[in-house]
Amino acid sequence: MDDDLIVITSRCGDADAVARDLARGLDGRALAGAIVFCSHRFVRQPLAGAIARAVGDVPLVGCTSAGELSDRGYDEDCVVFIGFPAESFRMAVHCFDDLDHFDPASGARAIRAMAGLINRDALAVDGFANQAALFLVDGLSHREELLAMTVQEALGQTLLVGGSSGDGMLFRETGILVGDRFLTDAAVVVMLASRRPLHAFSAQHYVPGAEKMVVTAADPNARVVHEINARPAADEYRRVAGGTSPGFVGEPLNSAFFAAHPPMVRAGGGHYVRAIQSVNPDGSLTFYCAIDSGVVLTVGQPLDRLSQLETLFDQIDSDVGGIDHVIAFDCVLNRIDAESRQLSGAVSQLYSRRGVVGFNTYGEQFRAAHINQTLSGLAIGR
C-alpha cells in the first residue's frame, strides 16, 4: 500500500552512502516525519547531517543503539530508518536537553502544549483519531524514571512507549538524534496521530522465583547495590541465582549471567525486571534501573520465549486488524540471553516474519515506568 510505513535498512559505513540508500528507498514520497536507529560505530554528526538532507524538512529523531532490529531480525552495524507517510500520519516532536537540570513542571507544560497542537491539527483532518507517543532517552542519563513519569502524566490517555539509547556494551556515550545533530544528556518525545490503529504494548518472558533478596545497602544515585541480605551483593545474588550449584562452577558474573537470571521486583500488582548492568571490583552491582535499600527482589525464571512471542503477536495482529510493522524497543539483555540459549536465529526469523523493527535498548519505558528486559513497542495496523 502507498501509505504503509517506509522501512529502509542501510549497512553502509559511510554517511553519504547511507543517505543515498535512504533517497532511493524514499523515492520522493512525502513524510510526516521519521525515526532512525543506528549503530554506535557510525561517526555521528556526519551521519545526522546526511540523513537530515535526505529526508528534507520534516521532523527527524532517533538514537544510537546496543544493536539494531531490521528486516533480518537481530542486526548490527547498520542504520534502520522508519518513515511515517504523510498520507496517514501526523507527527510532532519535543526535545529535552540538559537532563541533569530537568524541571518536571516546565517539562509537563511543554508536553501538554505539544499534545494540544497535534490534537488540533489531527482533528482538523478527518480520520487522524488514533494517537501514541514514542520516547527516546539517553541510556546513561539516570533520568528515565523521572522523565517517563512526567511525560506520561502530561500525556493523559495517550500511551507512552520507548527505549534508552545505547552504545553497544561500552557504556561510555550514547546519542539522541534530533534534526541534523546528535545530542547527549537528552531525550525526545514523539507524538503520532494516525488513521491507522496504534497499539502500545510491553511484554516480558520471566516469572519470579521463590527465594527473596532484600537490598540492605545501596547508592540510589549511582544505581549501585553494595549489600543484599546483609552480604556482599554479587556473592549473594550469585547464591540466590543458583551460582553455587555444580552447573555454575566457574561461570563468570557477566551480562550473559545477568540476562539469564534477572532480578525482579513486585510493583503495581506485577513483577518487573530490575536488570544488572555490571559487577564492580568491590563486589557491588550496578543496575540499569532505579534501585534503593529496602527493595525486595527475586530471581526470574525463563518462560518459553518463542511461544510467548507468537502468542503476543497473534493477539496484537488481531487487535490492530493486521500488523503493518512493530516499532520495537527490545532490551539488550534479551538479545544476549537469546544468543546464550542459541535462540537468536529463531527470534530473528520470528521478528522478520512479524515486521518487527527497532533497536536493542539499555532499558524500556512503558506508560509511566522505566523497566528492563522487556520487549516493548508500538504496533501499527494496516
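**Close-up 1. Arg223, a buried residue in a loop of the predicted model.** The relative accessibility of Arg223 is 3%, and Arg223 therefore counts as buried, the cut-off being under 20%. This arginine is found in the loop that joins strand S14 (206-219) to strand S15 (224-228).

**Close-up 2. Asp77, a partly exposed loop residue.** Asp77 has a relative accessible area of 34%, which lies between the limits of 20% and 50% and so makes Asp77 partly exposed. The residue belongs to the loop between strand S5 (73-75) and strand S6 (79-85). Although Asp77 is not a glycine, it has a positive phi of about 55°.

**Close-up 3. The largest pocket and the elements that line it.** About 200 Å³ of space lies in this pocket. Helix H4 (144-155) and strand S25 (369-371) each contribute at least two residues to the lining. Strand S25 gives the most, with three residues. Among the lining residues are Glu145, Met149, Tyr272, Arg274, Phe366, Arg367, Ala369, His370 and Ile371. Seven residues of the lining are nonpolar, three are charged and two are polar.

Conventions
Residues are numbered from 1 along each chain as its sequence is written. This is a predicted model: local features need pLDDT of at least 70, side-chain atom pairs count only at pLDDT 80 or more; totals for chains, interfaces and linings use all residues. Side-chain values use heavy atoms; hydrogens and water are left out. Helices (H or I, at least four residues) and strands (E, at least two) are DSSP runs, numbered from the N terminus. Buried means under 20% relative accessible area, exposed over 50%, partly exposed in between (1.4 Å probe, protein chains only). On a 1 Å grid over the protein atoms alone, a cavity is a set of points where a 1.4 Å probe fits but cannot get out, and a pocket is an open set with protein on both sides within 12 Å along at least five of seven lines; lining residues have an atom within 4 Å of a point. Grid points are joined across faces, edges and corners, and a volume is the space filled by probe spheres set on the points. Ala, Val, Leu, Ile, Met, Phe, Trp, Tyr, Cys and Pro count as nonpolar, Asp, Glu, Lys and Arg as charged, and the others, Gly among them, as polar.
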